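This briefing covers selected features of one protein model, grouped by topic. Please read it alongside the sequence and the coordinates.

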Amino acid sequence: MRPFITIRQASARYPVFVGRGLLVSAGNLVQSRGRVFVITSERLRYFGERVAASFQPHADIVAVEEGEANKTLETANAIVTQLLDRGGKRDSTAVVVGGGMIGDTAGFAASIFLRGIDLVHVPTTLLAQVDSSIGGKVAVNHARGKNLIGSFFPPRAVISDTSILETLPTRELLSGLYEALKGGVIGDPSLFELLEHKGDVDLDTVVRKAVRVKAAIVSADEKEADQRRLLNYGHTLAHGIEAALEYQKLTHGEAVAWGMVGANAIGVRRGITSEAVRRRIDDAVRDWKPTSLPPLDAQAVMAATEHDKKNTGSARIMVLPREIGRCEVVSGIEDDDLRYGLAAIGIA
């Protein structure tokens, strides 16, 4: 099977396969040099077993606990211990079956195990298929912020079986739709238009369009020196919200949805985003009805943004929309800007 796209980054190139029924073909799409370990969660063991059975000999399964609260060094260390106990070697391959939390945590473990073993992502959520599995960033959280411990570690391949998306709970599906909507705002007006109004959407098309947006950006800028920072649209406030909530009550995509609305307000305030563009994006976000924000203290959210990985020196950076399909990286965001953006989403 030919890949949907091949990502060409400075340090690596790897295929992205997109289609239905690919779980049972994983072993044919990727050739392992040694033993294969499928890393997944107990809840996703059914999918993990199908992937493991596609390899000859049958791959070992390593299961970890799901949830953003488990996206930690402790979980990554537990994975490393399991690999050691089961005889993992430098020629082993980690095939990670799961959503963003599993992909980030197990991917990080693979990047540090024996200084790095082959990694294959098999994302099982829409958010992971359109975003976190693409680009080679893996990380775990720190008590002071999201994804503060991590590395750039490109996979050998990404295998996205879009038929899995039919099994997702509505809220998990929406989480990925918000990330895809973000992709439309930063790089593809046709993707934005596809998701501008709530309704039935062709998820296979959404995944392919979103992958193209991210592939173009990470191929041009592997390590977030410039263009890749565009992918963080909505994420400055989102990461602050998630940290202030201790990674509970909202999905990542829901936090990004509210983060985009807040960023749009700041964009208008800074004279970068027109009122018409702000209204159009905000209406699209709200049309999909994100979960309401729990009560939050603005100062707690702002404190969490201080540790955001996009900041350089003392300058706070945000991504703000100029028009649908084009955003700008803006430096020198002040506390008053953040307060204005948070107030726009009801956080005082």
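A salt bridge is taken here as a side-chain nitrogen of Lys or Arg within 4 Å of a carboxyl oxygen of Asp or Glu. The model is predicted, and by this rule it has 28 salt bridges.

**Salt bridges**

- Arg-156 and Asp-118 form a salt bridge through their side chains, with an N to O distance of 3.5 Å. Because Arg-156 lies in the loop between β8 (145-152) and β9 while Asp-118 belongs to strand β6, the pair ties together parts that are 38 residues apart in sequence.
- Arg-156 is partly exposed, at a relative accessible area of 32%, whereas Asp-118 counts as buried at 15%.
- Arg-278 and Glu-275 also meet in a salt bridge, at 2.4 Å from N to O. Both residues lie in helix α11 (residues 275-287), 3 residues apart, or about one turn of the helix. Glu-275 is partly exposed, with 36% relative accessibility.
- In the salt bridge between Glu-328 and Arg-326, the closest N and O atoms are 3.9 Å apart. Glu-328 is partly exposed at 24%, and Arg-326 is partly exposed at 38%.
- A network of salt bridges links Glu-68, Lys-71, Asp-104, Lys-146 and Glu-242.

- In strand β6 (residues 118-123), 6 of the 6 residues are buried, so the strand is largely enclosed by the rest of the structure.
- In a regular strand, side chains alternate between the two faces of the sheet. Asp-118, Val-120 and Val-122 point one way from β6, and Leu-119, His-121 and Pro-123 point the other way.
- Strand β5 (residues 93-98) pairs with β6 in the parallel sense over 6 bridges, with Val-97 opposite Val-122. Together with helix α4 (residues 100-112), the two strands make a right-handed β-α-β unit.
- β6 and β9 run parallel and are joined by 2 bridges; His-121 stands opposite Val-158 in β9.

**Ser-160 in strand β9**

- Ser-160 is found in β9 (residues 157-161) and is buried, with a relative accessible area of 1%.
- Leaving aside residues up to four places away in sequence, Ser-160 touches Phe-17, Val-18, Gly-19, Leu-22, Pro-123 and Gln-129.

**Helix α8**

- Helix α8 (residues 203-220) has 18 residues and reaches 26 Å from its first C-alpha to its last, close to the 26 Å expected.
- The buried residues of α8, including Leu-203, Val-206 and Lys-214, pack against β1 (5-8), β2 (13-19), α5 (126-132), α6 (170-187) and α7 (189-195).
- At the start of α8, a side-chain oxygen of Asp-202 comes to within 3.1 Å of the backbone nitrogen of Asp-204.

Terms used
Residues numbered from 1 in each chain as written. Predicted model: local features only at pLDDT ≥ 70, side-chain atom pairs only at ≥ 80, totals over all residues. Heavy atoms only, no water. Helix = DSSP H or I, 4+ residues; strand = E, 2+ residues; numbered from the N terminus. Buried < 20%, exposed > 50% of the residue type's maximum accessible area, 1.4 Å probe, protein only. Contact = heavy atoms within 4.5 Å. Pairing = 2+ DSSP bridges. Right-handed = clockwise from strand over helix to strand, strands pointing away. Expected span 1.5 Å × (residues − 1). Polar contact = N/O pair within 3.5 Å; in protein donor to acceptor, adjacent residues only side chain to side chain.
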